[in-house]
Amino acid sequence: MDAQTMSAPGTAERTVVEAPPTAVVHRVWETMITLRESERGPLHIRHAPLLATGDLGGGAPMSSILMPAGLRASLVRSLRLADADVGLRSGEAGGRASKGLAALRADIAAFDDLTLPRQAEVLSCLNCITEQAVAVPLVRNVSSDHLLSVPGGRVLYEVGRVLLRIYNPQARQVFQSVAESGADPVLRILGRVQLGAMAVRQQGDLDSATAHVRAAWSGYAEAETDLDDFLRALLQSRVSRLAALVAMRTGDAHGQSAAMERSLETALELERISRARSAYDRLVSAENMKIVAESHLKAAGGAGDSSGVVKWATTMLSVDSDDPGTWRDITTHAARCGLVTEAAIATVGMTFVGGTGTVGSVERIAAVGNRFDSSAELRHELAAAIAGLAAAAHAPIARWS
């Protein structure tokens, strides 16, 4: 990555950090594109090869994070990787597809003939790799009758996630059906979590969100004795995260603190339990810890707690340093606390793992750098920091350890 100084007549000089080269983008997003198992790339994308082949260790899909719809298709186009299109038939792909991509393509073509558990896995994989446009035509025959069985409910839940990511208002209706009428108590709880999050973020309806939190805890209490240790810890952590979000929005500082503490305790317990479980379960556990750490990072940033920002930034990077979003969040919250050097390092880190919008991140840092007399002065400081770090930032995580 090179830092350039650019100027125009009548304007001050500014440093621009170039967008990552194609090779970097391909390396970071390779798992999403090829569906080959890898230890590189954003953590939540590493679920995809296992979902594509159905290698979940006997469990059901439990992936959580949804990235912007269409990201993979956009990468395939921009990198000119036509052979990576998930919609290609086996003969059209030229025989170069990975095991995961070949399995996914075959099951997309035969979707209506698949078992319900396999349909849920395919839809979860498409959600994971942001291919909701491929998923939509596959689910034309899905109906409320799916609620009559546990596997059918899993299909319907993944349909809700497809609709949620493409901002289709029917997502709420689907999750409501799963939460109220589903045969699977786990999905009834997760349906409430989805509804509560939507009530907060999309509708601003805190009364409904509070009711969904209560219903989720009630459902958990009824199901707890029938759940294994892994699901008990996972569900407690997810419901606690929602409870913390609602408490924060309602101004209940004590409730927020208690819920965040419970979400962390159960996330740590989930980590312990997952060590003896399948590779997929270990990824689900790590994804959960990442989300818990992110919520703590944002709370620390909002409170101006610089030591808390550093602590939770370190945790996030230890879990998932290959996600540009991780570095972006650290940039934002470090800047809010006046940690200008750390924010600049995180900006460089975001670029090195394939993120874009670096100049915009620099400007966001400038916008909140109130300890400087002017944004121009802050830009000068950041330009110097980035220029000095660029050569050595191949491993920016080391600066947080």
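Q: Where is Thr130 placed?
A: Thr130 sits in the loop between helix H5 (116–128) and helix H6 (132–138). Helices here are DSSP runs of H or I with at least four residues, and strands are runs of E with at least two, both numbered from the N terminus. The model is predicted, so local features need pLDDT of at least 70 and side-chain atom pairs count only at pLDDT 80 or more, while totals for chains, interfaces and linings use all residues. Residues are numbered from 1 along each chain as its sequence is written, and side-chain values use heavy atoms, with hydrogens and water left out.

Q: What is the phi of Thr130?
A: Positive, about 65°, although Thr130 is not a glycine. Most residues other than glycine have a negative phi.

Q: Is Thr130 buried or exposed?
A: Thr130 is buried, with a relative accessible area of 1%. Buried means under 20% relative accessible area, exposed over 50%, and partly exposed in between, with a 1.4 Å probe and protein chains only.

Q: And Tyr167, where is that?
A: Tyr167 is in the loop between H7 and helix H8 (170–181). Tyr167 also has a positive phi, about 60°, and is not a glycine. Its relative accessible area is 64%, so Tyr167 counts as exposed.

Q: Switching to cavities. How many of 30 Å³ or more turn up?
A: One, from a search of the whole structure. The largest cavity has a volume of about 80 Å³. A cavity is a set of points on a 1 Å grid over the protein atoms alone where a 1.4 Å probe fits but cannot get out, and lining residues have an atom within 4 Å of a point. Points are joined across faces, edges and corners, and the volume is the space filled by probe spheres set on them.

Q: What lines the largest cavity?
A: The lining residues include Ala60, Met62, Arg154, Tyr157, Glu158, Leu187 and Arg238. Helix H7 (150–165) and helix H9 (185–203) each supply at least two residues of that lining. H7 gives the most, with three residues.

Q: How many aromatic pairs are there?
A: Two, counting rings of Phe, Tyr and Trp (its six-membered ring) with centres within 6.5 Å. Planes under 30 degrees apart count as stacked, over 60 as edge-to-face and the rest as tilted. The rings of Trp217 and Tyr220 have centres 6.1 Å apart and planes at 85°, so that pair is edge-to-face.

Q: Where do Trp217 and Tyr220 lie?
A: Both are in helix H10 (residues 206–223), three residues apart, about one turn of the helix. Tyr220 is buried at 4% relative accessible area.

Q: Now H14. Which of its residues are buried?
A: Gly308, Val309, Trp312, Ala313, Met316, Leu317 and Val319. They cover an arc of only 160° around the axis, taken from the directions from the helix axis to the C-beta atoms, which puts them on the same side of H14.

Q: What do the buried residues of H14 pack against?
A: Helix H12 (253–274), helix H13 (279–302) and helix H15 (324–336), where contact means heavy atoms within 4.5 Å. The face turned away from the buried side carries the exposed residues Ser307, Lys311 and Ser318.

Q: Last one: what does Thr266 touch?
A: Thr266 touches Ala233, Gln236 and Ser237, not counting residues up to four places away in sequence. Thr266 lies in H12 and counts as buried at 9% relative accessibility.

How values were computed
1 Å grid on protein atoms, 1.4 Å probe; cavity = no way out; pocket = protein on both sides within 12 Å on 5 of 7 lines; lining within 4 Å.
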